[in-house]
Structures are given as structure tokens and as C-alpha cells.
2 protein chains.
Amino acid sequence: MTIAALNTAIGRINDVLSAASVLVWDSRTMLPKGGAASRAAQLATLVGVARDLLLCDATSQALDGARREVENLAEDDPWRRAVAQVDCAIALHRRIPAELIEREAKARTIGTQIWYEARERNDFALFAPALAEIVAVTREFVDAIGWTDHPYDALLDLYEPGTTLAQLRALFAELQAGLAPILDHARSLPRPRDDFLNGTFPESRVYAAGRMLAETLGYDFEHGRLDKTVHPFAISFTREDVRITMRLGDGRFANSLFGAMHESGHGLYEQNVDRAFTRTALTTELRGLYSGGGASLGTHESQSRLQENHVGRSLPFWRAHFRRVKDILGGPEVDADTFHKAVNRISAGLIRTEADELTYDFHIMLRVELEAKLLAGDIKVADIPGAWNEAMTRYLGLVVPNDREGCLQDIHWSSGAMGSFCTYTIGNIMAAQLMEAARAQDASIAPALDDGETAPLRSWLRDNIWQHGKRFSRDELLVRATGRALEVGPYLRYLAEKFGRTT
Amino acid sequence: MTIAALNTAIGRINDVLSAASVLVWDSRTMLPKGGAASRAAQLATLVGVARDLLLCDATSQALDGARREVENLAEDDPWRRAVAQVDCAIALHRRIPAELIEREAKARTIGTQIWYEARERNDFALFAPALAEIVAVTREFVDAIGWTDHPYDALLDLYEPGTTLAQLRALFAELQAGLAPILDHARSLPRPRDDFLNGTFPESRVYAAGRMLAETLGYDFEHGRLDKTVHPFAISFTREDVRITMRLGDGRFANSLFGAMHESGHGLYEQNVDRAFTRTALTTELRGLYSGGGASLGTHESQSRLQENHVGRSLPFWRAHFRRVKDILGGPEVDADTFHKAVNRISAGLIRTEADELTYDFHIMLRVELEAKLLAGDIKVADIPGAWNEAMTRYLGLVVPNDREGCLQDIHWSSGAMGSFCTYTIGNIMAAQLMEAARAQDASIAPALDDGETAPLRSWLRDNIWQHGKRFSRDELLVRATGRALEVGPYLRYLAEKFGRTT
């Protein structure tokens with residue numbers, strides 16, 4: 001047995017998980033209404049098959065053989081790391097009983113159905129029993145996996161390997177302290193004109209503009225597609241086929257376009273992984289059982305935020321490209337500077353998905369705080385609305401008028417993604433840290449960005465992040481690329497520079 | 001162990017094969033250019049996983065338990081039949097060594113690549129070695145499966161269970177004798193006007209007309225989609241999600257519309273199977289390892305031909321619906337009778353896929369004749385062009401000017417579908433037999449069809465064919481529905497009535 005044998009075994013698992021991803025993509029873009037029930041069964045079977053293949057004797061034997069072969073390789077050799085990934089994933093899945101997986105899936109299915117209804121009716125009491133069941137099952141889940149300091153750490157480790165609640169709390173404290181004065185300043189400024197953002201353009205034109213922007217950012221349509229969905233996402237079935245989606249038809253063209261740029265960032269990461277890693281443990285999320293994935297969810301989010309915010313919400317980008325967008329859309333009749341101001345307007349609101357760059361992270365802090373308490377049993381499900389509303393006032397000074405705009409707004413808790421919210425803020429922090437390093441290390445990046453051109457930046461990101469797949473952890477990537485593990489400083493400097501000046 | 005346990009095991013196999021079908025659909029409608037290689041690996045893995053699941057101990061144990069449970073049920077009880085299907089499929093796959101499957105897949109992949117090039121260059125010699133390899137592997141394959149009278153019987157049994165070469169020869173002899181005078185008469189008639197069939201209409205309008213026709217025939221868009229492809233097809237991921245495609249953009253709108261009606265017929269069959277058979281052996285082609293499939297390929301083709309020709313190429317249908325098509329397309333400026341005459345024009349040609357109702361079957365006879373000889377070693381691959389051209393003159397009086405329009409025209413031999421051609425003609429014969437019985441048994445069918453309304457016919461087809469899935473064999477279906485096994489008489493009567501009159 002050799003690494004090749006292990007790669008063959010993992011290749012089959014990658015195939016099954018990529019197939020599951022095709023079915024997910026299809027469910028969200030193409031599936032006829034009546035096809036949902038059998039599609040759910042197909043997805044459950046594929047993920048179950050992937051798990052069975054991972055835990056079967058043949059894979060363990062291939063792993064043992066490969067382990068011996070990589071012993072003498074460098075500690076950070078890709079194939080030594082691949083072996084470690086498989087090892088770790090098998091150990092993880094062995095700890096989770098099949099019946100718990102079934103119960104968790106059932107709790108999620110029921111929870112999601114009830115959540116839709118509860119949100120619609122603004123009725124948290126309706127959702128509460130389902131949420132209590134989800135919390136209980138999730139607690140069983142993390143207890144099965146094992147944890148040391150806090151049960152939440154086991155969840156964090158799934159989404160953002162190596163991260164602990166203690167680390168997050170330190171990060172958030174520094175972030176909150178740094179953000180507060182910048183936000184205070186920004187909120188004191190006069191509101192920029194943004195009426196033209198409501199201008200409605202034909203769907204096909206907004207799509208064409210989104211496509212043009214994705215191409216401008218370097219997303220490769222020979223190995224991808226852009227389609228319409230309600231909730232935009234990116235998904236990978238190997239680097240050869242990485243698809244992105246955008247929201248269309250809600251009359252908010254700028255949101256659609258920034259969504260397309262955000263997903264382009266995710267797409268670029270997947271499309272640019274080392275070709276040699278295709279269908280191996282370095283491009284397969286064996287712990288979470290899905291295809292692709294990069295170093296961590298937070299790392300992935302850093303790439304989407306980087307394209308959306310650092311590139312996409314910058315003035316030079318729109319000075320270079322707004323004319324082209326206007327030509328495609330047939331409007332709006334404002335200049336690039338006016339558009340840039342409007343899409344950077346700061347306005348604290350109740351809804352996370354609509355939050356601006358200065359308030360978004362407060363929404364995350366709030367959720368992490370509540371999730372950790374829920375999982376530890378420090379608060380009860382029934383106390384969530386009160387705790388939510390109190391935190392929203394504490395973090396952003398806002399009064400929550402109803403649960404639909406409060407604790408019922410996100411699908412995450414019902415869909416089994418408890419523990420993943422932090423990756424959005426980690427992505428924000430990491431994007432700024434990478435941008436600061438990139439500009440400092442390659443003198444061609446900044447002037448190119450001033451012309452709206454991202455090729456030099458892409459080259460730096462490919463070398464430092466994209467190509468590595470799952471070879472390095474998030475902090476290894478950061479130390480190699482920036483000399484330091486994750487730190488808040490560059491993010492606060494970026495935000496202060498962008499929003500803290502008196503204009 | 002019970003039938004429920006067996007159905008659970010087969011349900012997982014159906015899930016995996018349905019997922020493979022989603023990937024096939026995606027490959028032909030959505031896949032970005034660069035995604036083909038990894039998609040091929042994914043498909044191979046899924047089919048391999050399905051085979052492994054079928055041959056695993058757990059499935060055999062479930063089968064044993066279910067076998068005991070169905071022993072006392074009626075011989076034609078659906079679940080007794082389901083058990084028999086699983087039994088038969090396991091026995092079949094056990095006889096085929098894994099290394100042979102790999103060699104066959106390789107021969108097909110290489111063969112298909114070379115075939116494209118050979119057809120492009122009109123160079124049979126280039127294709128000959130690949131074809132020889134395919135024939136050799138196919139012969140190994142049928143020898144592994146086993147056969148009694150003729151090796152071709154083993155292939156026929158895969159595509160059209162129970163059919164033998166001897167039966168086909170008898171059927172074809174009767175068909176040839178009956179067709180000849182009808183064809184002679186039809187060829188003596190003046191050519192109808194058909195210049196307007198070249199009128200080009202925008203793709204979106206031809207699509208809309210195809211969609212309208214599919215809806216008119218009863219295809220259910222709540223559980224399906226119609227998309228654009230080069231080679232139209234229908235595919236099922238359980239009855240809840242059955243998709244069809246049509247060709248667009250080649251400037252032949254009538255071909256596109258008849259293609260949509262043809263695929264609607266396949267779609268209706270899959271959408272109307274008994275709900276209780278979903279995700280069981282009665283809706284899973286366990287021998288061929290794909291999802292859906294009905295009683296046989298020939299039975300499936302009978303349903304597409306019935307909608308395309310018996311409904312779609314009839315004068316009353318167009319008198320009822322041509323106005324609507326013209327409104328959608330914005331033309332052509334002819335009346336229904338003129339359109340009907342044009343789309344029923346008889347003209348012997350070299351290309352099977354462009355053949356009319358009177359000459360199509362000769363193309364099939366030719367292929368079956370050559371395939372059987374090839375597989376038995378009665379002719380060599382090098383002799384194919386000569387034998388093809390001789391047969392084309394013998395059957396249709398045509399001279400073949402080059403191999404591109406002769407023996408290189410079809411993808412079937414290179415793609416591993418040798419033995420499947422006969423199912424097209426079986427479909428033609430069976431469609432007529434069913435239509436004759438339907439009209440005789442339900443007096444409401446004929447007058448409804450005269451008004452362009454197919455609901456009563458659909459109801460008869462649902463009762464007699466569609467609902468049964470794989471419960472009955474083709475001839476069982478025919479005997480139950482028409483009192484007789486497959487017979488040529490009704491087909492010849494239909495063609496004589498349609499084309500034999502002096503008009």
C-alpha cells in the first residue's frame with residue numbers, strides 16, 4: 001500500500017461528495033418543485049456512502065500503508081499532510097454513532113420546516129421546542145466528539161480547525177474596542193445619496209453585469225458557471241468545475257453585483273488549488289463530508305470578503321469599471337464616486353445579511369455569545385429572545401421590535417450550522433491581514449488595483465493561499481504569508497483608514 | 001428480514017443511480033467545458049458504488065429474507081416481481097468480472113474519442129482497431145454472461161429482456177415484406193411542399209412552443225424541466241423529477257418540436273409509475289445500473305414514438321394545435337394540413353436519425369444484421385463498410401457515397417450500446433399495437449384525439465403501461481393490454497392506412 005492507493009480510495013470519496021455537491025447545486029438552481037423529497041433521500045445516501053467508504057477496512061489499510069510511506073517526508077509535505085487529514089477524519093467519524101447522525105439529520109429537517117413557519121408568523125414559541133431538540137442533539141454530538149475547556153470548542157474545531165471559544169473571546173474583545181470609535185465617527189457623518197440603488201434593471205442585464213464582474217475578478221467560466229438563486233453560494237466539484245450563483249430579480253442590483261463578486265472570491269479559491277491535489281484529501285473536506293473547502297471556512301470567507309470588500313467596495317475599482325456596468329445595465333445615471341459612496345454607507349441595522357462593513361461583526365459576536373451559552377446550558381432556549389434583544393442594544397444600540405427581525409432571522413440554528421457564524425468575522429479579519437501583507441510584499445499590486453486590475457493580487461493569492469488547498473491550516477497559511485497568526489490589527493487599520501477619516 | 005429491508009437496500013442503490021443520472025443530465029445541459037474529465041470519474045465511481053451495494057452481503061441477506069416472505073404471494077405480485085428483479089440482477093453482475101468492466105469502459109472511452117475523429121475525417125480505417133477492440137470486449141462480456149443459441153442473444157436480453165435474434169429475424173422478415181409495397185407506393189407520390197420547414201425562429205420561441213406541446217401531451221412541469229441539448233433525451237431521478245430536453249438553434253424548428261414530443265412520451269412513462277414503486281427494484285434498472293427505465297427500452301421507445309408519431313404526426317393534432325404553435329413562433333404562414341403533409345414526407349435517406357416512418361426500420365434491420373455477424377465472428381471489422389453499403393442498397397436502394405454517411409454515422413458502437421438498436425423498431429411496432437387496442441377498448445379515445453385531446457389516451461396508457469414500472473415484462477404488458485404478444489400486424493395496418501392510400 002502506498003500514497004497512491006490512499007489517493008485512489010479518497011478519490012472515490014471525493015467523487016461521491018462532488019456528486020452530492022452537484023445535487024445540492026441542482027436543488028438550489030434547477031430542481032422542479034415536486035422533486036424535493038426524493039432529492040433529500042439521494043443526498044442523505046451519498047453522504048452516508050462517503051462516510052462508509054471513509055470508515056471501511058480498505059481505506060484504513062490504505063491509510064496504514066501510506067502512513068509508513070510518508071514518515072520520512074518533510075513535516076509539511078503535501079502527502080504527509082493528506083495522510084494526517086484522513087487519519088483525523090477517520091478518528092472523528094468513528095466517534096460519532098450512526099444513530100446520532102440520523103437523529104441530528106431528523107432534528108434539522110424538522111427544525112428547518114418549523115423555523116420557516118415560525119419566522120413567517122413571528123412566533124418564537126413555535127420554534128422553541130425544535131430548537132431545544134437541536135441544541136440537545138448538538139450537545140450530544142460535541143460530547144461524542146470530545147472537548148476540553150468548553151463544549152463550543154468542539155463545534156468551532158469542525159468549522160475552523162484549531163479555534164477555541166477563549167481565542168474568539170479575546171479576538172472579539174479587541175475587535176469591539178477598536179470598532180467602536182470608528183463606528184461612532186462613521187455614524188456621525190451625513191447620509192450619502194443612495195436612492196439610485198433602487199433603480200430596477202432587467203434581470204438579464206444584472207446577470208450580464210455580474211458575469212462581467214466575475215470575469216474581471218478572474219473567475220474562469222471555462223471551469224464554472226454563474227446561475228440565479230435566492231441565496232447566493234459557491235460550490236466545487238473539483239477545481240475543474242466550480243460554480244457560483246447570484247440573486248436576481250429583487251430590484252436591488254448593487255446587492256446582486258456585490259453578491260456575485262463575493263462568490264467569485266470563493267470560486268477563485270477553489271479554481272486555483274494545485275492541480276495535483278485534485279480528488280485527494282487536500283481538496284476533500286473529510287471531516288465535514290463535502291467537496292472542496294480550502295483550509296477552513298474562515299479562510300474561504302477571507303477570499304470572498306477580500307474580493308467583495310477590499311477590491312469590490314474600493315473607489316479605484318469603480319472608477320475603472322463603473323462605466324462598463326452602466327453600459328450593460330443602461331444606468332444608473334450617477335458617477336463612480338457617488339456609487340462608491342452609496343455602497344459603503346454605514347447604517348446599523350437589525351439584519352445581519354444586510355449589515356455594512358462596520359456593523360457586521362457585532363452581529364457575529366452576538367450570535368457566538370448566545371450559541372456558546374446555549375450549548376453549555378448557561379441559558380435556556382426560552383431565554384433567547386430576551387438575551388438577543390439585550391445584546392443587540394448592548395452591541396449596536398438598537399431596539400429589536402420583533403423576533404422575526406431578531407432571533408428568528410437566520411436559518412443557521414435550524415439547519416445545523418451552529419458554531420459556524422464566527423467564520424464570517426474570521427474571514428473579515430483575515431482578508432485585511434492578507435491584503436496588508438500583499439500590498440507590502442509586491443509593489444505591483446497597489447498600482448494595479450488603482451487601475452481596477454487584480455491580476456498581480458491574484459498571483460499573490462494563488463501563491464500564498466489558493467494553491468495550497470487543505471495542506472496548511474489557517475494560521476500556518478497566515479504565518480507563511482504575513483509572518484503572523486490571525487490578528488485584528490490590520491483589519492482595524494483598514495476600517496479606520498476607510499471609514500475613520502473626516503470626509 | 002422483510003421486503004421492507006430489501007426495499008431499503010435497493011432504495012439506497014436507486015439514490016446512487018439517480019444521483020448518477022443527475023450528473024449525466026448536468027453533463028449534457030450545464031457542464032462547463034473544462035469539467036468533463038472529473039465528471040467522468042464521478043460517474044464511474046457512482047456506478048461502481050451502486051454495483052458494490054448490489055453485490056454486498058447485506059443486500060443478499062435482505063434478498064434471502066424477502067424471498068421467503070414473497071413465496072406465498074401471487075406470482076405477479078409487485079413485490080414478488082421486485083424480489084425476482086434483484087435476484088436476476090445480482091446473478092448477472094456476479095458473472096461479470098470487475099476487470100472486464102474496467103476494460104470495457106476503457107475501450108468505450110477510447111473508441112468514442114476515435115469515432116468522433118474518424119467520422120469527422122471520413123476515415124473508417126482510423127476507427128477500425130478501436131471497433132475491433134470493442135467487439136472483442138463485448139464478446140468477452142456476453143460469454144461471461146452466457147448464451148445458448150447466439151452470442152447476440154445475451155446483448156438483446158440486456159436491452160430488451162427475453163428477446164432473441166431468431167425472434168428479431170422473424171419479426172424483421174414480416175416487417176420488411178409488409179413495408180415494401182407501402183414504401184413503393186409512398187415513394188411514387190409527388191413531393192409535398194416543405195420549404196417553410198427551414199424558416200428560422202428565435203430559440204426562445206421554439207423552446208416556448210416545445211414547452212407548450214409537452215404540456216399539451218400531459219408532461220408535468222411540477223415534476224420536470226425542459227432544457228436545451230444537442231442530442232435530446234429524457235432522464236428520471238424518481239417519478240418526482242423527470243427531465244426532458246430538446247434540440248434548439250439548428251434552424252429546423254419542426255425537428256425540435258417533434259423531438260420535444262418524443263421525449264415527452266418518455267417523460268410521461270416515468271412520471272406516471274405507481275408511487276408505491278418509488279426507490280424500489282420496480283423503478284431501478286439494476287441490470288443496466290441506471291435509474292428508472294420501465295419494462296424495457298423497446299417499451300420505453302413505444303411511449304415516445306406513440307406521442308411523437310401516432311399523436312404528434314396526426315392531422316387532427318395539428319388542426320387543433322397548429323394555430324397555437326404559429327402564435328408562439330410567429331409563423332410559418334401555412335395551414336395545419338400543409339404542415340402535417342410536410343412533416344410526414346416520405347424520402348429514403350442514408351441517415352437513420354433523419355429517417356421517416358416508412359424507412360426508419362430498414363436502418364435498424366441493417367444494423368442488427370451487421371452487429372450479430374460481427375459479434376459471432378461471421379464478418380470482420382474491416383468488412384463493415386462494404387457490408388453496410390451492400391445492405392443499404394438491398395434495403396433501401398441507396399448508394400452510400402462515403403462512410404461518414406454510412407457505417408460511421410452512429411455513436412452506438414463506440415459508446416458501448418451494441419445490441420440496443422432493435423429497441424427502436426420494437427418501440428415502433430409496440431406503439432401501433434397499443435394504439436389499436438386503446439382505440440378499440442375505450443370509445444372516448446378516438447373522438448378526443450380527433451379534437452387534439454389526449455387525456456383519455458393517457459388514462460388508458462397509465463392503466464395499461466405507465467403505472468407498472470418494471471413489474472411486468474414487455475410481452476406481459478402487451479398480452480394484458482392487447483391480448484397478444486408483440487406482433488407486426490397493427491404496425492403495418494397503421495402505416496398502410498396512413499401512407500398507403502392514394503391521396
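These legends walk through several close-up views of a predicted model. Residues are numbered from 1 along each chain as its sequence is written, and chains are lettered from A in the order in which they are written. In this predicted model, local features need pLDDT of at least 70, side-chain atom pairs count only at pLDDT 80 or more, totals for chains, interfaces and linings use all residues, and side-chain values use heavy atoms, with hydrogens and water left out.

**View 1. Two chains related by a rotation.** A rotation of 180° with 0.0 Å of shift along its axis places chain A on chain B, with an RMSD of 0.0 Å. This is the relation of a two-fold axis. In chain A, the C-alpha nearest the axis belongs to A:A19, at 3.4 Å from it. Both copies use the same surface, since 100% of the contact residues of chain A recur in chain B; contact means heavy atoms within 4.5 Å.

View 2. Welcome to the inside of the model, where 7 cavities of 30 Å³ or more are found. A cavity is a set of points, on a 1 Å grid over the protein atoms alone, where a 1.4 Å probe fits but cannot get out; lining residues have an atom within 4 Å of a point. Grid points are joined across faces, edges and corners, and a volume is the space filled by probe spheres set on the points. The largest cavity holds about 130 Å³ of space. Its lining has 16 residues, and A:S236, A:E270, A:V273, A:T283 and A:G292 lie nearest the centre. That lining divides into 3 nonpolar, 9 polar and 4 charged residues. Here Ala, Val, Leu, Ile, Met, Phe, Trp, Tyr, Cys and Pro count as nonpolar, Asp, Glu, Lys and Arg as charged, and the others, Gly among them, as polar.

**View 3. The second largest cavity.** This cavity has a volume of about 80 Å³. Among the residues that line it are B:N14, B:T238, B:R239, B:T278 and B:R279. The lining splits into 1 nonpolar, 6 polar and 3 charged residues.

View 4. Over all chains, 81 salt bridges are found, each a side-chain nitrogen of Lys or Arg within 4 Å of a carboxyl oxygen of Asp or Glu. In this one, the closest N and O atoms of B:E117 and B:R121 are 2.4 Å apart. The two residues are separated by about one helical turn, because they sit 4 residues apart in helix α5 (residues 98–121) of chain B. Helices (H or I, at least four residues) and strands (E, at least two) are DSSP runs, numbered from the N terminus. B:E117 is partly exposed at 36% relative accessible area, whereas B:R121 is exposed at 51%. Buried means under 20% relative accessible area, exposed over 50%, and partly exposed in between (1.4 Å probe, protein chains only).

View 5. B:D157 and B:R287 form a salt bridge, with their closest N and O atoms 3.4 Å apart. B:D157 belongs to helix α7 (residues 151–159) of chain B and B:R287 to the loop between β4 (284–285) and β5 (290–291), so the pair ties together parts that are 130 residues apart in sequence. B:D157 is partly exposed at 29% relative accessibility, while B:R287 is buried at 14%.

View 6. Salt bridges link A:D26, A:R39, B:D241 and B:R243 in a network.

View 7. B:H310 lies in helix α11 (residues 297–311) of chain B and is buried, with a relative accessible area of 10%. Setting aside neighbours within four places in sequence, B:H310 is in contact with B:R305, B:A431, B:A432, B:M435 and B:Y494.

**View 8. Backbone details.** The peptide bond from A:G331 to A:P332 is cis, with omega near -10°, and A:P332 is in the loop between α12 (315–329) and α13 (336–342) of chain A. In chain B, the bond from B:G331 to B:P332 is cis, also with omega near -10°. A:L289 has a positive phi of about 55° although it is not a glycine, and this residue is buried at 11% relative accessibility.

Conventions. 1 Å grid on protein atoms, 1.4 Å probe; cavity = no way out; pocket = protein on both sides within 12 Å on 5 of 7 lines; lining within 4 Å. Least-squares fit on C-alpha atoms with pLDDT ≥ 70 in both.
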